[in-house]
Amino acid sequence: MPIYIVAAVLLIAVDQAIKYWALTSLQAQHTIPLIQDVFHLTYVENRGAAFSLFEQFDSRWIFVILACVITIAIVIALYKRLMQTAMGRWSLVLVAAGALGNAIDRVVHGFVVDMFDFRLIHFPVFNVADIFICVGGALFVIYFLFQHKDTAPATKEQDAAQTEQDHHE
């Protein structure tokens, strides 16, 4: 389990570092076209949920509490070894890191800093934490559809083998 905690902390650090750059450098410029009218780095303060949903409400604390509840559930699932494969476990780490990365923004700034702007398809502006959540969610669906097996409770030998596998990941 410690490797998952270290990984989540590193992912959150990457997310926060990029958001810090957006706050301190990109905000003044507002947008930097990397490919004109296709992909820009654009500073946006997202006061809503994912992709600015529900931004007309002051729902910041609801999302902070939700992120904490989700993260606690993920920690419990990892601790109890409910995920049977590495893909399942890493999917949860990505979701937790993304949820906490955005929760940190909501607590510190009152909004989430977004910066990736795909203008070609008019996609909502998003950030690294959003990528973690989406990729983690997609991996979880793949895990659940193709890798998860309903099994009897694990034996002590299976728990020992799982612990050994966790140390090698």
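In which helix of the protein is confidence lowest, and in which strand is confidence highest? In this predicted model, local features need pLDDT of at least 70 and side-chain atom pairs count only at pLDDT 80 or more, while totals for chains, interfaces and linings use all residues. Residues are numbered from 1 along each chain as its sequence is written, and side-chain values use heavy atoms, with hydrogens and water left out. Confidence (pLDDT, the predictor's confidence in each residue, from 0 to 100) is lowest in helix α5 (residues 156-168), with a mean of 66, and highest in strand β1 (residues 31-35), at 97. Helices (H or I, at least four residues) and strands (E, at least two) are DSSP runs, numbered from the N terminus. The mean pLDDT of the protein is 88, and 82% of its residues reach 70 or more. Where pLDDT is low, the predicted coordinates should not be read in detail.

An open antiparallel sheet is formed by 3 strands in the order β1-β2-β3, where pairing requires at least two DSSP bridges between two strands. Because β1 and β3 (112-118) each have a single partner strand, they stand at the edges, and one side of each is left without a neighbour in the sheet. Strand β1 is joined to β2 (residues 39-46) by 4 bridges, and Pro 33 stands opposite His 40 in β2.
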